[in-house]
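Hi,

Here is the structure I promised to pass on. Have a look at it first, and then read my notes below.

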Amino acid sequence: MSLTHPVLQVRDFISAQGSSLQAELQALAAAAPQLSLQDCRQLEQQAHELGRQLLALEAYMQLNQTGFVKICKKHDKVSRLILVRVSILFGYFGHCCDSTP
């Protein structure tokens, strides 16, 4: 069973969502200097929602990373190579890679 495809799907989803949130943040920042007080309150609400979405994306990313690491641990015979791939794709080198078989 190869985990490379699911890991790439998760990575691509996270990347797309992150880019979308970054674009929204840049749009909010560009609009901020020319807003009235009422509009500033609306901007604050939009920024709050953007922050909530960012935290949800972070939680999604951590949950998927944890899941992939647990799958790799469960199938320890072949997990070394898969775990290294997962770690590289997520940019995370956890303590799981340090154990010796």
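How many aromatic pairs does the count come to? The answer is one aromatic pair, going by the rule that rings of Phe, Tyr and Trp (its six-membered ring) pair if their centres lie within 6.5 Å, with planes under 30 degrees apart called stacked, over 60 edge-to-face and the rest tilted. The partners are Phe13 and Tyr60: their ring centres are 5.2 Å apart and the planes sit at 70°, so this pair is edge-to-face. Phe13 belongs to helix H1 (residues 4-31) and Tyr60 to helix H2 (residues 37-74), so the pair ties together parts that are 47 residues apart in sequence.

A word on where this comes from. It's a predicted model, so local features need pLDDT of at least 70 and side-chain atom pairs count only at pLDDT 80 or more, while totals for chains, interfaces and linings use all residues. Residues are numbered from 1 along each chain as its sequence is written, and side-chain values use heavy atoms, leaving out hydrogens and water.

Now the overall layout. The chain has three helices and zero strands (DSSP runs, numbered from the N terminus: H or I of at least four residues for helices, E of at least two for strands). Of the 101 residues in the chain, 22% are buried (under 20% relative accessible area; exposed is over 50%, partly exposed in between, with a 1.4 Å probe and protein chains only).

How do H1 and H2 pack? Their axes are 11 Å apart, at an angle of about 165° (axes are lines fitted to C-alpha atoms over the stretch in contact, and angles run from 0 to 180 degrees between N-to-C directions). That makes H1 roughly antiparallel to H2 (over 145 degrees; under 35 is roughly parallel, 65 to 115 roughly perpendicular, the rest oblique). Residues making the contact (heavy atoms within 4.5 Å) include Phe13, Ile14 and Leu21 of H1, and Leu50, Leu57 and Tyr60 of H2.

Cheers
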